[in-house]
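Trainee: I would like to learn how to read a ligand site and a helix pair. Could you take me through them?

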Amino acid sequence: MVSAPETTLEPEVTAAASDISDIRVDSVGDFTFPERNKFDSGFGITEKTIDYIADVKGDPDWIREFRHKALKVFQEKPMPTHWATKDLENIKFDEFRYYLSDGQKPKRSWDEVPEDVKKTFDRLGIPEQERKFLAGVEAQYDSEAAYSNIKAAVEEQGVIFVNSTEGLHKYPEIFKKWFGKVIPTGDNKFSALNSAVFSGGSFIYVPPGVKVKHPLQAYFRINSEQFGQFERTLIIADEGAEVMYMEGCTAPKFETATLHSAVVELVAMKGAKIQYVTVQNWSSNVFNLVTKRGIAHEDAEVRWIDCNIGSRLTMKYPGVIMKGKRARGEVISIALANSGQHQDTGAKMVHAADETTSNVISKSISIGEGRSTYRGLVHIPKHLKGCKNNTECDALLINPNSRTDTYPAISVRGNQHATQHEASVSQVSADQIFYLMQRGLTEAEAMSLSVNGFINDLVKEFPMEYSVELKRLIDLEMEGSVG
Amino acid sequence: MSLEIKDLHAQIPGREILKGLNLTIKPGEVHAIMGPNGSGKSTLSKVLCGHEDYEVTSGEVLLDGENILDMAVDARSRAGLFLAFQYPHEIPGVSNANFLRAALKARLPKGEDIDAVKFYKQLYARMDQLEMDRSFTSRSVNEGFSGGEKKRNEILQLMMLEPKYAILDETDSGLDIDALKIVSRGVNAMRSENRGFLVITHYQRLLNYIQPDIVHVLKDGRIVKTGGKELSLELEERGYDWVTEEPLAAAA
Ligand SMILES: Nc1ncnc2c1ncn2[C@@H]1O[C@H](COP(=O)(O)OP(=O)(O)OP(=O)(O)O)[C@@H](O)[C@H]1O
Ligand SMILES: [Mg+2]
């Protein structure tokens, strides 16, 4: 048995939670704790890591095989640095752990959580129970009480809503049919990585004609695995079904891992509607490299409503493949990058049938030396008729050092289509701030109001509780950015 | 109690614009300032409010005895100073109502919020006074407003914020004849013995509606002449050329 010295496959027993002095607070809402997990797959990723994960999770053979194949693809694929940022080269794959088992009770007490972090929770109005989870005091956020009503209600309708592991074990016939079909393993280096080591995430199936009234929230059933680094979500809305899924929260999250690479696949069958809402607030040491894509069959609709805040680097371009006639795809996104952060986001709209319609509205805000990039791809082949795309991307720069770039790629062949593209870059002007301050608002309040105004029309697309939190979060970010 | 401006000098890099300006406004008084284009009227209003483009090199501004020159823009506002802008700014995506709420809330102790019912009652009453359509509450601040609508909106803000001292910079420009009457009526309704006004204008017609107690002529960064309301009539008649600095004005 040969193993690299840094790869310890034996379960490792480690010391108790660390000393308070290890806690590092970079800025508001940005904090990390060193964490030790009792059982893990060690550092780095090899065939053995894959087998370890498959063993621990009790994977069926086809999943184990799927993982192994994915590992090869991952190892062979180069980093996409020919178009993406060079910062990707700073990811040291050997220095990460790829699987942390669930159910550890960290021995950190609430008293050890830094004051700043507590204050942030306060300002965001995060409920007590959730704070403990987010700060890493508790490994699990148990809101069964709040959740059970919804769960019972949806189960009655025949909706399957479980985690991905449970999904592949209990519902193999549905799971297998769609898993990895929307986003093939080899789509990109990070989808391959996810395919090799995925754990956590949700599996949802909505039967034909069922319209799920309540948004299904990942947040109701989070635990450390759910909130994992390599989560894998698969949602299928059968013919005429409708569902809204929400993930994340605006609260800053306790981070143990700095590499996050999720894969989310959506399938909207004929006439179905899926809305996928994400609000994420990463600390600025995190690489967040996500692949999200949906297939919309005839008359179906897939909407991505996405808000990305923080992270060292986020790369995320939710996509919709409009496969059936009159299918619709939409991406509505807000990105906020502060100093030391790079939001590289956008959308991919692939028209693959006649009379399909896509809409992309993206707004980014760069604060301090924050950087935001928009990358869009709209593809309409020549043989199709009557396709429409509308793309709007607006960037707001708060400081002179903020930065934004736009790379729209619109490949429209043939002349039977209507496309529209608008882009704007604006700055919060000194005179606008003067005007607001003349009415009594502090500089931070003036900034917040301006920024909230900039994204106001998109915030309306988020569920109520998220939009309220978002506003508060922007207030906080702005407070930190002035004077 | 007064807004007292003493020997105020202000400049932009390389150029002095206000060159020793003296002016005292007592609560209950309406002062008018007239003067040629570029003489420094808007600069005066912005310097009083603390605009960062201008450096005050000497002089004092006392608001009810307190020197406000060291105060931030927002603190001066909360201390009771209001400027109705010559060119009001647009704030995309922020509704007029939310903007006013934020401005009122900024005047409350931390953590307190305004009573929404009372607020809307007050807002609607003021809008009725200014004959503004209710739709302006939900429209973004000044965005897509006509020139006259923007000016009316400035006065709405004045009425809601109830400052101690209000500066009106060419509020009449852009207003049609009827609007001028309506807006003037609004301003007159705000006249009170607890509130002082500084009305900057080029035209007598505004002063027919908002009758000033005292009229000043600002020329080249200084008040060069001060008189009663008859002075504005004379200026309308004769222009500014004849006005030369009175030795007393600088000391007044
Ligand atoms: N920020 C600035 N930068 C450069 N020049 C300025 C600035 N502010 C004012 N000035 C100049 O100072 C002078 C006074 O300007 P101000 O706007 O105060 O005039 P005003 O009396 O209000 O004129 P008007 O009657 O045309 O409104 C003008 O020559 C103007 O160009
Ligand atoms: Mg002027």
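Mentor: Helices (H or I, at least four residues) and strands (E, at least two) are DSSP runs, numbered from the N terminus. This is a predicted model, where local features need pLDDT of at least 70, side-chain atom pairs count only at pLDDT 80 or more, and totals for chains, interfaces and linings use all residues. Residues are numbered from 1 along each chain as its sequence is written, chains are lettered from A and ligands numbered from 1 in the order written, and side-chain values use heavy atoms, without hydrogens and water.

Trainee: Which elements of chain B each supply at least two residues of the shell around ligand 1?

Mentor: A residue is near a molecule if one of its heavy atoms lies within 4 Å of it. Here β2 (15–25) and α1 (41–49) of chain B each supply at least two shell residues, and α1(B) gives the most, with three.

Trainee: Which polar side-chain atom lies 2.7 Å from an oxygen atom of ligand 1?

Mentor: A polar contact is a pair of N or O atoms within 3.5 Å. That atom belongs to Lys41(B), while a backbone N or O atom of Ser42(B) lies 2.8 Å from a ligand 1 oxygen.

Trainee: And how are two packed helices described?

Mentor: By the angle between their axes and the distance between the axes. Axes are lines fitted to C-alpha atoms over the stretch in contact, with angles from 0 to 180 degrees between N-to-C directions. In chain A, α9 (430–438) and α10 (443–459) pack at about 115°, with their axes 9 Å apart.

Note on methods
Polar contact = N/O pair within 3.5 Å; in protein donor to acceptor, adjacent residues only side chain to side chain.
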